[in-house]
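Here is a short report for a reader meeting this structure for the first time. Have the sequence and the 3D view ready.

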Amino acid sequence: MARVLLGVLALHANAFVPADRIVDALWGDCPPPSAPVNLRSYVSDLRRLLRSAKGPRIDTVNGGYLLTAGPDDLDVLAFTELAQQGHDCLARGDHEQAAELLTRATGLWRGPVLDGTPVPEAIQPAVRMLEDRRVDALEDCFQARLELGEHTGIAAELRQLVGQYELRERLWGQLMLALYRGGRPGEAVRAYEKLRQVLATELGTDPSPEIKALHHQILRDDPLLTPPDTKPVPWQLPPGTDPFIGRDDQLRALDQLAGAAAVVAVVGTAAVGKTALAVRWAHGARERFPDGCLYVDLRGYGPEPPVPSEQVLASFLRVLGEGATGSGLDTAELSGRYRTAIADRRMLVVLDNARAADQVRPLLPGTAGCLVLVTSRDDLAGLVVRDGAHRVALNPMPPHEAQALLGKLVGDREGVAALAERCAGLPLALRIVAELAAQSGTTLADLADALADRQRGLDELDAGGDPRTAVTAVFDWSHQVLPPAAAKAFELLTWHPGTDFDAYAAAALLQVTPADAGRVVGQLCRAHLVQRNGSGRFQIHDLLRAYGRQRAGAVDSSLAGLVDYYVHAATITETRASLGRGRAPQPSSITAPPLDDPVQAARWLNAERANLVAVVTYCATHGLHAQACELSEALRPYLNLGRHLAESLTICRHALHSARQLGEPSAIGAALNNLGGVFFHLGRYAEAIDHLDAALDIRTQLDDRIAEARTITSLGWVYTRLGRHDEAREHYWRALLISREAGDQAGETVALSCLAFVHSRLGRYRDAVACHQRSLALAAALGDRMLEEAELINVGLAYALLGRYRDSAVSLWRASAICRELGDREGEGFVSGNLAVLHTRLGNHWVAQRHVERSLAAHKKSGDRASEAAVLGFEGDLLLRMNEPVQALRSFRRALTLSRRLGERSHEGHALNGIAAAALAMSRFDEAEEHLDEALAVTTAIGDAYGRARALAGFGHVREAGGDPAAAAALWSEAAVLYDEIGVPEGSELRTLLVVRPGFEPGTLCL
């Protein structure tokens, strides 16, 4: 009776239920005289149970009862909330979020409503309504997945559902569409015929007009039915110049070479229009490259150093959906990963302003299908000879084209020919001189004479007749006619260390307000001395930058103001970032852009990332060492959270150099600590230990207890990754004790979290849960949402492994909500990975598959290879449960390769056990035994009790297959004891196996 009572109240949670209605549900038409008394007794018992479980509350209200509960308490409420959110997302076109929410909603169903409890007639309408809402949610989920182009994996699920719900036409339509998009139009038509027969037999009707229309579209192969392209195609090309005149021969050459060559180099002198030609042709050829375009300015020629190849590769990998990390930021490895990512795509790669072949070579794809378009002042002979590049030479514009371009810019006026001649056929000079003509009151002929006089003076200094003297003459004249304030602003702006800037950075450099800076930059744009790029920021051509720097006088004060601006703004973002436990910025008169929330802060940091690296580099190489250290420290949370490891490595190395120049021990310790963290994330563990040990020595000598504890924790991370769990645990305990003594609750929270993590690695899941719970309470008290999220994610996995599935689901649900609140996509990847484990164990295989896919995508994008290895192992476990040992073997082998490359011993042991289980399922007993030997050695060496028990259980299957049941039983008994000590459900499974032998399938045990 108590189960029925709870079911009635749960179906009407947070709503008043009259007592007589509950009596009807419990006893139907024949309630006993004592029914009211019995009901009160049942309610009292149920209240006692709910109080002990700290669950929902039952209140007596006006002759009835009210069950007060939230989504964390009742699956039905969690389902209703998720389903509604998913439906709303679907309605507004957010298909990815809709699919995620609806998958989680439908994944909460593990059977019929009130499964195992008789459903009274009185509440059957409520039960049917809830079941209808489940099917509605399934339909919404399938619709979202179809909109995302995920048609290949849902046809089988839809076939099963239309068998259960034959009259749900929307499901039939979704099945038809999935089959058609999967290349099975004949089956789609047969599905329509089946629906028509069902409706005619059951209802005497025809399919709805919508289904009929879909049927006709399938019959005529309507292109509107093709799946949507869900991933945005990158097209990084900057806007083209307008007007664009001439260059017909070169455009035709590019058209011809695009189909025959893999690399084309557009070469020519400075300012001849190489970039304009490449961009013009590329925009016109967009249809040839359905997978998009990558673009980078390599800065081969200019006042700043060229862009390193590894920095370009890291950027390209992020755009391609891959992270930029691995076993290190080695150019060869990054180049290999880039070539893998681009191998099956048809893309255009534009490498602008290259200095030499060596700068280009690591950026070349390894297979046909992509075109690389390079521009350079060098003839790139090495690229032609060694790499088969085809060269397109670009000379100054012939007179008729130069005159046509100038005429287009200034109109058909007398003197165009003479003025064009003075510009030596260089488009940049032509555009600048056109603006001079528009702004000055002189005739074109007078302007041409003035330029001729200036150029003759330059020619006397350079007898080589370099056409760039024409450009310099134009620059001189353009600079001379500017108002003095604008001329000074131009000179200062050319000293910006980065690649582009906004009005706020310009204001800091010019020491004016952002509004005034915007006006003067606009004036320089109109004079074609500054260019607006496609994102609303500003750039200066490298020739103009070099020219402006030659003209500028003292700039130290202005550059110091720019550096102070970046330090101030970055410090603000440190307090706003998702990991923000940063320092409050000092009061300042500096005007920063709006950075009041994490989204604004993240957008600014993303836009300025390359500039911030350049500013730190400038500070470290120009004596501004204190600012280099301060800016590095302010950027640390953002760079760590985003796994921007290429930038982190550069910044931390400069910070360490500056700290040593300052001779400031605390700054040196911080820089060593941060650099050690970067090496840890790169998988360069020996270098990480060296730097962290050095940082620890300094911080211990300084008696900086809080900093000391955090470095000890970082060392523990490295030892955990290396499988040196005893050393890791010792470090975490030390960090915990120091943090408590110093009153550093944040440090205590992190140390407890790390202790829990190492307990999990050792298979001590109950100890892990205890540590996670204490850490979670501290994080909540501190209001640190990021730490709270991490603890919920980790404890959710521990609960799942202990068989506490409801606790796991609740924890992961709460973690997911915080991820969405913070916009933490990487955190969502961890949630999905742990949900995959949970749903695998619950038998919700297709739900688990979806979470595996999401988790792998998130970790690949962030470049977290260790987590990728872990989820590959989860995928293998899932595939074994689905009786797919061949596919499982593939996942485990990928996990093993990655784990060994990273030195991840725990994941290595898991993968070895998985390979053995897959081999057992395929009756490949020798292969299984070989991998079990390795698994047992690894798990014993690192102290992983769970992995050791799994290996022993696997050996039991091998012995059984070899005809030695006594040895098998002994091994299973030993494994069962280990499982029981850990507290996981596999122990009872093994004991059952020891009692009941028939019908056992080896590949399904001990996952």
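## Two loop residues with positive phi

Asn883 sits in the loop that links α40 (865-881) to α41 (885-902). This residue is not a glycine, yet its phi is positive, at about 60 degrees. The model is a predicted one.

Asp703 is another non-glycine residue with a positive phi of about 60 degrees. Its loop runs between α31 (685-701) and α32 (705-721). Is Asp703 buried or exposed? Its relative accessibility is 53%, so Asp703 counts as exposed, the cut-off being over 50%.

## The chain as a whole

The chain contains 46 helices and ten strands. It has 1007 residues, and 54% of them count as buried.

Helix α44 covers residues 945-961, and helix α45 covers residues 965-982. Their axes come within 8 Å and cross at roughly 160 degrees. That angle makes α44 roughly antiparallel to α45, since angles over 145 degrees count that way. The crossing is left-handed.

Which residues of α44 and α45 make the contact? On the α44 side they include Tyr946, Leu952, Phe955 and His957. On the α45 side they include Leu971, Trp972, Ala975, Leu978 and Tyr979. By class, the contact of α44 with α45 has 14 nonpolar, two polar and five charged residues.

## The nonpolar cores

The largest nonpolar core holds 110 residues. Which of them touch the most other members? They are Val718, Tyr765, Ala975, Tyr979, Val984 and Leu990. Ala975 and Tyr979 also belong to the α45 side of the contact with α44.

Val718 shows what such a place looks like. Neighbours within four places in sequence aside, Val718 is in contact with Phe680, Tyr685, Ala688, Ile689 and Leu692. Another core lies apart from the largest one. This other core has 62 residues, among them Ile432, Ala505, Leu509 and Val613.

Helix α6 spans residues 124-147, and helix α7 spans residues 155-164. These two pack at an angle of about 155 degrees, with their axes 12 Å apart. They are therefore roughly antiparallel to each other. Their crossing is left-handed. Leu138, Phe142 and Arg145 of α6 meet Glu157, Leu158 and Leu161 of α7. The residues of this contact divide into four nonpolar, no polar and two charged.

Helix α5 (residues 95-107) also packs with α6. Here the angle is about 145 degrees, and the axes are 8 Å apart. The crossing of α5 and α6 is left-handed. The α5 side of the contact is made by His95, Ala98, Ala99, Leu102, Thr103 and Thr106. The α6 side includes Arg134, Ala137, Cys141 and Ala144. Leu138 and Arg145 of α6 take part in this contact, and they also meet α7. By class, the contact of α5 with α6 counts seven nonpolar, three polar and four charged residues.

Arg431 is found in helix α19 (residues 427-439). Is this arginine buried or exposed? Its relative accessible area is 15%, so Arg431 is buried, the cut-off being under 20%.

What does Arg431 touch, leaving out residues up to four places away in sequence? Its partners are Thr241, Asp242, Pro243, Leu405, Leu409 and His528. Arg431 and Leu409 are 22 residues apart in sequence, and their C-alpha atoms are 7.4 Å apart in space. The partners Asp242 and Pro243 are joined by a cis peptide bond, with omega near 0 degrees. Pro243 lies in the loop between α10 (209-219) and α11 (248-258).

Helix α25 takes in residues 542-551. How many of its ten residues are buried? Seven are, and the helix is mostly covered. The buried residues are Asp542, Leu543, Leu544, Arg545, Tyr547, Gly548 and Arg549.

Methods
Residues numbered from 1 in each chain as written. Predicted model: local features only at pLDDT ≥ 70, side-chain atom pairs only at ≥ 80, totals over all residues. Heavy atoms only, no water. Axes fitted to C-alpha atoms, helices over the stretch in contact; angles between N-to-C directions. Helix = DSSP H or I, 4+ residues; strand = E, 2+ residues; numbered from the N terminus. Parallel < 35°, antiparallel > 145°, perpendicular 65-115°, else oblique. Left-handed = near helix turned anticlockwise from the far one by under 90°. Contact = heavy atoms within 4.5 Å. Nonpolar A, V, L, I, M, F, W, Y, C, P; charged D, E, K, R; others polar. Core = buried A, V, L, I, M, F, W, Y, C linked by side-chain atoms within 4.5 Å. Buried < 20%, exposed > 50% of the residue type's maximum accessible area, 1.4 Å probe, protein only.
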